Amino acid sequence: MTTATASGNEFRRILRTIHIPPVFYFLILVFLAGGLLDRAFADGQIFSNPAIMLNIIVRSVALGIVAVGQSLVITGASIDLSVAYTISITAVMSSYLMQGKTENVPMAILVVFSIGAFIGLVNGLTVTKLHVNPFIATLGTSLIIKGIINATFSNYTGSVPESFEYFGYGTLGPIPVSILILFLIVLAGWFLLARTKFGFHLYGVGGNSEVARLSGVRTDRVLIGAHILCSMTAILAGLFLVSQMRSGAPWVGPNGVYDLNSIATAVIGGTALAGGKGGVFGTLGGVLIFGVLETVFNQLGVNPYLKTVLQGAIIILAVASYTIRSKKDAA
Amino acid sequence: MTEQTLMSESNPIENLAPLTEVCNITKRFPGVIALNDVSVQFYPGEVHAVVGENGAGKSTLMKIMSGAYIPDSGEIFFDGKKVSFTHPKEAQEAGISIIYQEFNLLPERSVAQNIFLGRESSRFGVIDIGEMNKQAQEVLKEIGVEKMISPTALASTLSVAEQQLVEIAKAISFKAKVLIMDEPTAALTYTEVKLLADLIQRLKSRGMAIIFISHRLIEVFDIAEKITVLKDGQLVQTVQKEDVTPADVVFLMVGRTLDHYFPPLGKPEEFGEVVLRVKDASNQSLNGISFELRKGEVLGVAGLQGSGRTELAQALFGVAPFKSGSMELHGKAIAIKSPFKAIKNKMGFVTEDRKSEGIAPRQPIRDNMLMTVRAIQSLFGIVHKDGIGKSRNLVPMLGKQVDIRTDSFDREAQYLSGGNQQKVVLAKWLASDANIFIFDEPTRGIDVESKASIHDMIRDLTKKGIAVLMISSELPEIVGMSDRILVMWDMQVAGELPAKSSEPEIMLMATGHTIKDREKNTPASGKA
């Protein structure tokens, strides 16, 4: 009897520790509303066709991967506006280097990840050592990359070998490889934030940099590390996109609005823009909301600009609901 | 039982060797000597209080001991060895922990995460959270609060007292031998203070040296064995608690001669009718405030840090309005819910913190001066370079009135000296035609000459029939300027004193030594 109650308590304790980010309630709401609209005005595939569910996630892979990186820097009270052009430079550089040959793939991957590490390092150093506001610092990097790309590539450049398209189109059993990679990245992001020293220190730096410093955290290193990881996720997203497009185009990053959308989804997911609070599961929720909206609007054949309007409204609604709730808590 | 044996054993030893010692410490800041040749010894198993008025040098001394400041001259000894800390981390590692007045926890992180921040034990960077919570539990148990505070609770969900206890737990986990607490009780309620006092006794019995800074003499006498008094950066005396009374300590703290000229006080026959009457008013911080303010008088508001002085000014001016009770302005009931309404009703507020609330540092002097008049003029009213509407030449007029020393009114306000900045703030309110002025620390941090001219200006205001409420932490200023003195303590009005009351009288009332509070405290201290 005692063991039964003990395990019952244990169960309740576990339930309390695995608290579900509130964004998932939004996600369910958006999904149900979208599905009902689809059933009323279109063919109702959203509820009936499981392939559409998978498609929603596949659409979200690129944004999801970058948003995990973005969540890291935002948790550290920084921001990265250069991810969109980092994605672009990855797409054009990798496809240019691969030239459709499988034997070039490892070299190309190595090169683009080195570029990513360099961009992240520059961002991190500018923010921590030169004390440039992260918004401006990464906007600057973004413009520099944009200039370099525009001066070098103007259209589709090179191509990826068929073998590399596995990343974008392959499946493992019934599940697309890209989805597995997204979930791996999200899991890795969660582990980093919730179970490692780096993550704990990052929360410290974002929560109150001075407190962290006085507690012995090497605040600069932590933030530089977060910036490098963020750029790496942008590189990975770029590789995914180029494997889908088969050839790199310089507009792929800015066209997907990956910079602002990754920030928006992180914030919808509950990561505080001021830093020190948040997590990548919430971000995943935010990303999936964007994916659901996209699919619903495609299904209904509605004007795509209306989708943007709705995305904007959801960002405001979600974030306002957090602040209202936290005010009630405080009172 | 063990505690007692420990204490009786350690008593004779501790008198021989101090655990830590500062010798002839001097620290200068631009324009002031914060500490001048100060030497104090701190012994293990002893609670040592450091007291003094604001600006006496207490916090500077503690920051030097904890490595946050580096002294200009003098030596620090720890465990008999000479040490010199260049970073708080070094002091922590040596065994000196400090708990600052302002809280240093990450609100969105758990208790355990806060305690071990920067020192998490990990294997290849991976943290065992269960193990970490267990260690935190042990630290909390060490200070006897494991039943109150869970290691997994978010810091933001804890009460102020609990947060304070977590900070102590954090300090303990550094294996501290010397624990410095800067005003640990400032934000605590009476029962929470008792809890803290018990904890301090337990830490003391383990041979730690506790250094305790407090403004509240009641607690100092409850908790400490030794009391060191600082005044104007100098050591006055270190005394044993048994040898002195609170009144003696107050005298040591403020015993000085008035070295500053104040304009003559107002004559009682010049005071007019009551312009502001507050009755039993409260808000989230203040409790049952009642007082009257008359035309033509300076009502001084004295009180220690955290006694509710600034909160009173903010409530009157609508920044954090009163939620209950009544307020009358010129005989008519009124509720001032916003600064806009206060300004409309001809109230002026010269704030304590010039930098963040008083001036717009990057705006020219002229725009700073015109800020209030522009705020209350009609939306489409005409704006001139030096004034508004029909008064086109306000700025030079005001400049003359408050005697600002500047070559041009186009200069950004940030380039003025503190005294001249304060005059700009004053000019801003003069322009608004206010007839009730609230001054919060009108002369803090400004030079003696500007001080005198601001005092003269305040007195001139009253001669024009303006009512002045002047909040100050500087007792000479309160005594020198006030026609009546309101003393605040513990977010309440502790009492009212007539003009020319002595500094010790005010200080006693401001440290809670009123008849009412004696009664309140006797049963509890009897138990202890």
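Predicted model: local features only at pLDDT ≥ 70, side-chain atom pairs only at ≥ 80, totals over all residues.
**Entry 1. Confidence in chain A**

I began with the confidence scores. Chain A has an average pLDDT of 88, and 92% of its residues score at least 70. Helix α1 (residues 2-17) of chain A has the lowest confidence, with a mean of 58, and helix α6 (residues 105-128) of chain A has the highest, at 96.

**Entry 2. A helix of chain A**

I turned to helix α14 (residues 258-268) of chain A and asked how many of its residues are buried. I found 10 of the 11 to be buried, so the helix is largely enclosed by the rest of the structure. The buried residues include A:Tyr258, A:Asp259 and A:Asn261, and A:Val267 and A:Ile268 are also among them. After α14(A) comes A:Gly270, and I noted that its phi is positive, near 105°.

**Entry 3. Where the chains meet**

I next examined the contact between the chains. On the side of chain B, 17 residues are in contact with 17 residues of chain A. From chain B, α3 (88-94) and β8 (126-127) each supply at least two residues to this side. I sorted the chain B side by class and recorded seven nonpolar, five polar and five charged residues.

**Entry 4. Domains of chain B**

I looked up the division of chain B into domains. Domain 1 spans 2-95 + 176-254 and domain 2 spans 107-175; domain 3 covers 268-346 + 435-523 and domain 4 covers 366-432. I then considered domains 1 and 2 of chain B, whose C-alpha centres lie 26 Å apart. Their contact draws 12 residues from domain 1 of chain B and 10 residues from domain 2 of chain B. Which helix gives the most to the domain 1 side? I found that helix α7 (residues 190-205) of chain B does, with five residues. By class, I listed eight nonpolar, two polar and two charged residues on that side of domain 1 of chain B.

**Entry 5. A sheet of chain B**

I traced an open sheet of six strands in chain B, in the order β18-β19-β20-β15-β21-β22 and with mixed pairing. Its edge strands are β18 (347-350) and β22 (492-498) of chain B, each pairing on one side only. Strand β21 (residues 484-489) of chain B pairs with β22(B) in the antiparallel sense over six bridges. Within the sheet I also located B:Leu486, which stands opposite B:Glu496 in β22(B).

I then checked what packs on the sheet. Helix α10 (residues 309-316) of chain B does so, touching β15 (298-302), β18, β19 (436-440), β20 (467-471) and β21 of chain B. The direction of α10 in chain B makes about 150° with that of β19(B).

**Entry 6. Two residues of chain B**

I placed B:Gln363 in the loop between α12 (354-358) and α13 (365-376) of chain B. Why does B:Gln363 count as partly exposed? I found that it does so because it has 15 C-beta neighbours inside 10 Å; a residue is called buried at 20 or more and exposed at 12 or fewer. Leaving out residues up to four places away in sequence, B:Gln363 touches B:Asn368, B:Glu412 and B:Ala413. B:Arg411 is 48 residues from B:Gln363 along the chain, with 8.0 Å between their C-alpha atoms.

I found B:Asp456 in helix α16 (residues 448-463) of chain B. B:Asp456 has 14 C-beta neighbours inside 10 Å and therefore counts as partly exposed. Finally, I noted that B:Asp456 and B:Glu46 are 410 residues apart in sequence and 48 Å apart in space, C-alpha to C-alpha.

How values were computed: Residues numbered from 1 in each chain as written. Chains lettered and ligands numbered in written order. Domains from an automatic or database assignment. Contact = placed C-beta atoms within 7 Å. Helix = DSSP H or I, 4+ residues; strand = E, 2+ residues; numbered from the N terminus. Nonpolar A, V, L, I, M, F, W, Y, C, P; charged D, E, K, R; others polar. Pairing = 2+ DSSP bridges. Axes fitted to C-alpha atoms, helices over the stretch in contact; angles between N-to-C directions. pLDDT = per-residue confidence, 0-100.
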